[in-house]
Structures are given as C-alpha cells and as structure tokens.
Amino acid sequence: MKRTRKKTLPGFGITMGVTLAYASLIVLIPMASMAVMSADLGLAGFWRTVSDARTLAALKVSFLCSLAAALINAVSGLALAWVIVRYRFPLRRFIDGLIELPFALPTAVAGISLTVLTTDRGWVGKPLFELLGVRIAYTQLGIIAAITFITIPFVVRTVQPVLEQLSPDYEEAGLILGAGPASVFFRIVFPEILPALLTGFSLAFARGLGEYGSVIFIAGNIPFRTEIAPLVIMSKLEQFNYDEATAVALLMLVCSFVIMFIVNRLQVRAASFAGEK
Amino acid sequence: MDGWRRGNGTLRVFLIAFSFVFITVFLVLPLCQVLWKAFEFGFRPFWESVSDQYALKALKLSVLTTVAAVICNTAFGLCAAWAVTRFSFRGKGFLITLIDIPFAVSPVIAGLVFIMTFGRLGWAYPFLSAHDIKIVFAVPGLVLATIFVTFPFVAREIIPVLTARGTDEEEAAVLMGSGFFTTFRRVTLPHIRWALLYGVILCTARAMGEFGAVSVVSGHLRGRTNTLPLHIEILFREYHTLQSFSAAAILVATAVLILVARNIVEGISRKDADYYVR
Amino acid sequence: MCVSPKPSSGGMPGARGTAPFPASSPAPGKAPGELPPAAAAPFRGPQDSPAGGARESGSGRPAGGGARGSAFPGHGAPGGDCGAMSPGTGTGGPGTAVPGRASAVSGAPGLGIGTSGLKPGDSAPAGPESEAPRGGAASPGPGGAKAAGEAARAHVSLEGVNKSFGDFSAATDVSFSLPEGTLGALLGPSGSGKTTILRMIAGLETPDGGDIRIGGTRVNDLHPSRRGIGFVFQNYALFRYMTVFDNVAFGLKMQKVPRAAIGERVRELLALTSMEGLERRYPGQLSGGQRQRVAFARALAPSPRLLLLDEPFAAIDAKVRKELRSWLRDMISRLGITSIFVTHDQSEAIEVADLVIITNGGRVEQAGTPLELYRDPATPFVARFVGESTVLEDYGALVGFEGAPRGASCAVRPEFVHVCPPGEPVQFGNSSEDAIVESVSFRGSSLELRLRVKGYELTSFYSLEHAPVAPGERVKVLIYRVYAFDGGEARLVNNSRLSSQGNGYNFVI
C-alpha cells in the first residue's frame, strides 16, 4: 500500500497488522473458502439445488414472513419512536429502556418463550384461538410474530435519533405557513424520517431472512408450510449434504449483500439531502 | 413552542395506548412467561434444574466463549477503529465493509462458513488433523463462530465517535513526544470509553445468546460442546419444559442486567457533553 | 457599494415605495420610542403603487430604476446598483395600475409584492384576520376602532407582555410599538429575551400576560398562520426534501391558492430574490446566501403584513453578511413591509433598522431610532451598550466635569475623546488633560489609541493623517462630553469648559 502522505500519527503498522490478520482469519478466509468450495458444485448443481421445490418454498416462507414482520415493525417502530421522543407520560423511560430486549435476550430463549405464549393453551394463544379462531404457534403467523419480536429495535433505534435531532424550526415554519398537523407530519416531518425508516426496515428485513433461533421453535417446521430457509440449510448440513447447503447459503448471502447495498445507498442519498444543513 | 406542538389529543392517547399494548404483548409477556414457567412449581425445582451438571457445564462454556469473544473483538475493534479513522489508505472502504459483513450474514450461514473452512471438507482440515487440532464440533469452533458473529459490535460503536472527534488531540500529543501506546491510553481512550463500554455490552449480549451459528458448529455433545442456549434447546425438544425454562431464566437475568447496564451507560454518556454513544 | 443613507425616523417614506407620506421631521425632545404617525397607507398591493410614481429622491437614489440589476452580488456590482430597483415583477392583479416588467424602465417603483390575482386584502386568503382591516391604519375596522384612537398608528404593538419559562423570566413588562412600514430591530445581549419576544409576536410562544396587536387586532389567541406574518428562521428551516419552488410555494399551497396563481407568484418572488433558474434545486445544493433568499421568498409568498426575522445573518460568513444585509434592507424597504428582526450585532441594527428596541434581561431598555439611542440613551445600560463605551467611575476628577457628584459613573465613547496631535497647537489648552498613550492598534481606517488619563483608561480613534504617536508618548486630550449615570438614567453632560462646534448628535440628516 503506497504511502501517499506521511503519517503523523503512530501505530499504523501495528494496528493495521492486527486488523488485517484478524479480519482475514475470522471473516475473509472463511467467507472466501466457502465461495471456493462451493464452486465445486458447478452452476448446474447450484441451479438444481436452488430450484428444488422444497427449497423454493422455504425461501418464499422466509421472504414473505420477514417482509410482513418488517412492515409491522416499520409502523409500530415509528409509533414507538414518536411516542418516546415526543410525548411525556409515566413509564416512558421504562419503555425506552426495554426496546433493546430482543438484542439482549438469546434467540433460543425468545423462541421457546414465544412458542409457549402463543400455543392454544398459552396466555396469548388461548384467548386468540377461542375468540377469533386464530392460531399463532406452529403457523406462519407464529414465524411473523417471532421475527417481529427480534427486529423491534431496528426501526425504533434508527428512527429515534432522527426524531430527536429534528429541529422544531421545520414544523414551526410549516405551522406559520398554514399547514395543519397532518400536513406538517406528512409533508415536512415524514420525508425527514423516511430514510431512517427505510434503513431500519431493510435491516429488519435482512435480519428476519436469516433468523434461526427464535423461529424454529415456534414455526413447527413443516416443509412447504412453515419451513424457513435457514432451517433448510441446517437440515442439509445434518444430512452431510454440504454442497447443497452451501448453494442455498450462497443464495441467501447474495440477498443479504443486496440489502446491505441498498441500505448503504439510502444512507448516502439521505446524507446528500442533508447537505451542510 | 407551546400548545401548537402538543398535537391532537386523541391521536396522542391512541399512540401511547398502542405503544403500551405493543410493548406488553411483545416484550413484557415473553419475559414474564419465562419466569412463570421457571418458577411455576416453586424455587426448588428451578434450583435443581439450574444446578444440574450439564446445565452448569453449558453455562460455563457459554461464559467462556463470551469472554473470549469479547476480549478478542474489543482488541480488534480498537485496532481497527484506530487504523480506519486515523489514517487514509487504499482499501479502507473495503475494510469497513468487511467489518460489517457478519452483521448481514445469517448465523446459520456463519456456522456453515466455518465448517467449510475447518471442517472435514474444509481445505484446512488436513493441516488440522495432522496436528490433531479439532475446531469444528469442539470448543474452539464455538469460540470462532461466536467471534465471527459478534465481530463488528465494538468496532461499529467506536468508529463513529472517533471519526467525529478528529485527530487534533492525538496529533498535539504526538508532537509533544508521546508514543503510540501513551497517546492511545491517555488521549484517545478517555474519549471513547462510553462507546467502548457500550460496544462491549452489546457484544456480550450477543455472544451469550448466540444460537444459530454455534448450533451448526457444535456437536451438540452434552457437557462438552453445548452452550447454554443449545442446552435449552435440547431440553425443550425433549419436553423438559421446566428445566429448559429454568435455564432460560438465568439468561433472562443476564439479559436484564445487560439492559440495565446499557441504559446506565447511555444515561451517563448523554450527560457527558463531551461525546455521544450512538 | 453605493450608500443610501437610511431614512431617519418617519422622514423617508418614499423609500418605501408607497404613496408618499407627509414628510415630518423628527421633533427633538420627544420621548424615544414614539414615531410620528405613519401616514394612512394601506398595506401594499399593486393598486397602491402609483403608476410611474417617482420615488422621493431624497434618498439619493435616482428616481426610477435603470437597468434591471439587483442589489445582490453575483449579478453585477456588489452592493448593487442602487438605482436598480425593479424586481421585474409587479404583474398586476385585477385593476392594478402597475405595468408589467417594462415598468423597470418607466420608473415605477417595483413593489415586488405583485399579487397575480391576489388582492391586498387577501394577503392571507385563508382569512386569518378577516376581522382586521388591512394595515390597520387606513380604515378603522372593528378591531381598529380602538386603535384609531391611538396617537401612534402602530402596526405592531406590545403592551405589558410577560413570559416566563419556569423560574426564568424571559420577558417582563415589554411594551413597544412599530408603525407600518418600519424596519425594527430587537437588539440585546444573548439571553435578553429578544428572540422570545419575536416568537411571541409570531405566535410560537404564548405570553403569560399583556397584549400583542398586529394591525390593531389583539392576536394573543390567534394561531400563527392566522396572524398574517412571515417568519425567517435563523437556520432558514427550508424543507430539505422539497425543491426551491415547492418551498416557496408551500404557504400558498396550504392556503389552497390555485396552481396557476401559485406558479406565477413563486416565479415573481424568485425573480425578486434573484433566484430564477434555481427552482428545481434542493436546499442542500444551495449556498448559505441563496438559502437565506429562498427563506425570505418563502416567508413573503403569502403576502404577509408583518415580516419577522430571527437573527437572519447569524448563519452566514462574515464576508457575505455585509452584502446580504444591504440586500435585505433594500428589499424590505422596496416592499414596504413592516419588519422586525432580532440581532445581537449592534452595527447591524444601527445600520439597517429604522427603530431599534434594546432588550436587557427580559426588559425593554429603550426603543428609538439609532440616532436617538446614541444621543439620548435612557438608561446606563443603553449608554454603555451602544457604541464602544468605556465606563468611568467617579469621573469628577476630569477637567471640566468637576460638578459631578462624588462617586458617580459615566460612559465615555471614543468619539467624545479627541487626541490633539503632537506638534500642533492645542485649542482649549486649559481644558485639556494630559494623557499617556498606552497602546496603538491599527484598525484599518484609523488608529485606536488607548490612553491613560488621570488613572482612567480611555479609548479614542486617531486619524492616520495626523502625526503618528507611539506608546509611551504624552499627548493632550480633550473630553467633550460624557453620559453620566444618575440612578437609573443616563444624562448627557458636556464638558463645562469646552464648547465644540458640533454638538454631538444634534444634526439633521
């Protein structure tokens, strides 16, 4: 690496060294070797695996359930962030502190807990089933519920800082110019928080696609109905079907990277609007 | 701005009510459920489950992997943050993206990746078996997988703070003759301590709770390669509900501790006008 | 930059581009804060502009615009071409007497608030103050009946306004009034309550007590959008996700003005603020000065009758600030709209405003023209605050001021202290003081001398044309006058042994 500029600060050698070594060992090499090893499969093999009916069904389940969960969280997360930032009411700080629970709680614990909660005899499952005939555990609804739980913090925590830092000037300007509260929200405030909302949504969606621990308990894992993509990978692994597991994994990786890329673009675009303010 | 901003009264009530309901259903109830199921029959059964030898070994293993992951990732996070924010070099963008990769990867895939590298089919296998090193289906594999999954946490918290801070103070120190470690310890570290602490907390939480990746890499050998979440899984699947929830209650306790710690750190860092955590 | 002398109080209505006021000269000795009644001039609209009316040339500007330039740099000479008056607008509403763009040449004062279909009475078509007559001064409407009795036909008036935030009182017993068409400045140190006062006028804060009237109507309980005001924020608050066009159009859109009318009006305003061609840009792509102009255009779009500006130049770099200042001054005087701006920068207020209201600790110390503030400061604070004063304690030791009570303080301005150039004969030698020059600083156009006189430290400006002085030199100084502090008041006290030909501030512009 060319030194185009004399480094005034010390420590370049050692920090770069450690960083590179570590990053290679932990991330780069394993990821690369997976790509390399899966090349053995060949394009035909890859396609065959991926287009297998059961795999496709699992991908569809993962995709749709994550999407639904991300949408639910987009709306709820926005409401939660709004309420926490803008209103004052008892227990507000409690709610604010509780938001990170899905990050702090192990996914397996969340999984078993949500399952028991939503079975036909559970605290939530029982009334829902008796009153509305709706089952949550062991259905796709259960998957959606679990993913929703896991991804609550994503939207709330990305929207919250934006709301907090939003200068009241914008809304005051709108008010003076004659905008009613609805106009102020939809025309002025919403565009400001939309980038953050989209980022949170995408992060939630990406996370939901790959979620394993909290979902497998509640899902029931019935192929073609409630089997999720990570489980497909897992079962192929258990059958020592490494090639096929890798193929599906690669596909999911590609999806994740695409989402990551989109999130990045969104952030860049939002930053360009913010300009220098 | 007084009344004009407070907004529509009905909307306000509705939103607050909605928030309470949502939080209760999704966050409070699951927590309560765990505690209920664990203590349903009193304290004794809970205690017995938790002091079961397999449970204890699983707990020990969880703690071990967590500590290892936190230490390694913190050291890495500090180095990476320093390298990335204090220097400009080719490939910096790539490195930053690299750091974010584990975030985007499903835990199961993370486990798979290590199997493909260090497992029987992995290219490193011949080398490893020649030296009789077991990684996959053994404790080292668990540690590696956990490290992978929690890789970005510390770095991601520190980097924005350091970027926003600028290099003035460090440059001033260096000009006055301070060496790398001294500068780092006395100038940089105080500024990032809350971000660092926050990252460590997040890393710990994730490491303790990691399930998917370790599930792939572990051999599910009771007492040997089971972390606590894996232990919980086995118990649940065998319908040992009480025991699994008892173990889960332990993790709930750690989760609550983590939440409290995080809130405290955030509260302190906010008061400290010098820097911010997020 | 061509300097247009600011009209003195009440005297230069022509600069406002309205029907000429009866000219009235400032009556000496009147209480500060009261301006002679503004002529009954209804709020502007094209109907009111005299077609081809020449503007009063007393302002020094050639009647009638010449080329279509603008006062804003980037379009020609910085500071502009003072004769360039036309905003290129004046598209008539029904019945307007103002010709279109061609008026630039014919000399019709470009008003800029051409209304393209909006009549002056509709300046806020949502019908904000249907109860208030336009401008308040012209025809007493229902609310105006009370105001009609007032001597000063105030367009904006505050009486006994109070506001506190918890324990902190931001404003206490604030009262002042502004006639129509005046450009007023709220000037004071940080935390003195000026922004709070502005926000209360706007309706963004509610006063705890007192009355705020705009156009004679009490507006305390009116929603901000119904007060007929335009507000320019310190950081502009331009809607970042809307184009310049949409930003400016926003107020009109909220009032459900038809699209075609919006389009015309926005284009008119963009032309007025020299922002044509930038409609499709986003605020993030504009420079600071450009953003300010868009903010200005946006505030003006709904044809408000009162324009409020919160530290409009605070966010601009110093270099651009001066140009923008005079641009704003030009613009406001052309439009003739009553305006109030908040600033902590003295020179800005003195240079730009017709009426300056000095605030301190939530109270109004004094309200008056810049000249009045300099000449007749009402309180020691004003005497100290305005200009670069030095406060002397127990000034009775100075020659010519022996009559001062013991222990009294006074404020001395550099312009009161005359340093006699060494080597030249000293007039009034008996009345002079001996001084030692402590330091000499170069100020660009003059030298600033710090002098020690009898233990006091004084500052004076010294022309570069005189014989140079060096630190440590002894010179003679004459102190012409001071502002003595007497209880809560400040009085002008002349040096009893000197009589200068000038008399301080008693001149007529």
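User: A salt bridge is a side-chain nitrogen of Lys or Arg within 4 Å of a carboxyl oxygen of Asp or Glu. How many salt bridges are counted between chain B and chain A?

Analyst: This is a predicted model, in which local features need pLDDT of at least 70 and side-chain atom pairs count only at pLDDT 80 or more, while totals for chains, interfaces and linings use all residues. Residues are numbered from 1 along each chain as its sequence is written, chains are lettered from A and ligands numbered from 1 in the order in which they are written, and side-chain values use heavy atoms, with hydrogens and water left out. Glu100(A) pairs with Arg262(B), their closest N and O atoms being 3.3 Å apart. The count between chain B and chain A is one salt bridge.

User: Which helix gives the largest share of the side of chain B that touches chain A?

Analyst: Between the chains there are seven residue pairs in polar contact, both residues at pLDDT 80 or more. A polar contact is a pair of N or O atoms within 3.5 Å; within protein one must be able to donate a hydrogen and the other to accept it, and residues adjacent in sequence count only if both atoms are side-chain atoms. Helices are DSSP runs of H or I of at least four residues, strands are E runs of at least two, and both are numbered from the N terminus. With 20 residues, the largest share of that side of chain B comes from helix H2 (residues 9–39).

User: How much area do chain B and chain A bury between them?

Analyst: Contact means heavy atoms within 4.5 Å, and 94 residues of chain B are in contact with 88 residues of chain A. Buried area is the accessible area (1.4 Å probe) that two parts lose on being put together, summed over both. Carbon and sulfur atoms give 80% of the total, which is about 8,300 Å².

User: Which three residues supply more of the area that chain B buries against chain A than any other three?

Analyst: The total for the two chains is about 8,300 Å². On the side of chain B, 7% comes from Leu27(B), Phe87(B) and Met116(B).

User: Is the ring pair of Tyr22(A) and Phe151(B) stacked or edge-to-face?

Analyst: Rings of Phe, Tyr and Trp (its six-membered ring) pair if their centres lie within 6.5 Å; planes under 30 degrees apart count as stacked, over 60 as edge-to-face and the rest as tilted. The structure holds 37 aromatic pairs over all chains. In this one the centres are 5.7 Å apart and the planes at 10°, so the pair is stacked.

User: How far apart in sequence are the parts tied together by Arg86(A) and Glu171(A)?

Analyst: These side chains meet in a salt bridge, 2.8 Å from N to O. Arg86(A) lies in helix H3 (residues 53–86) and Glu171(A) in helix H9 (residues 168–176) of chain A, so the pair ties together parts separated in sequence by 85 residues.
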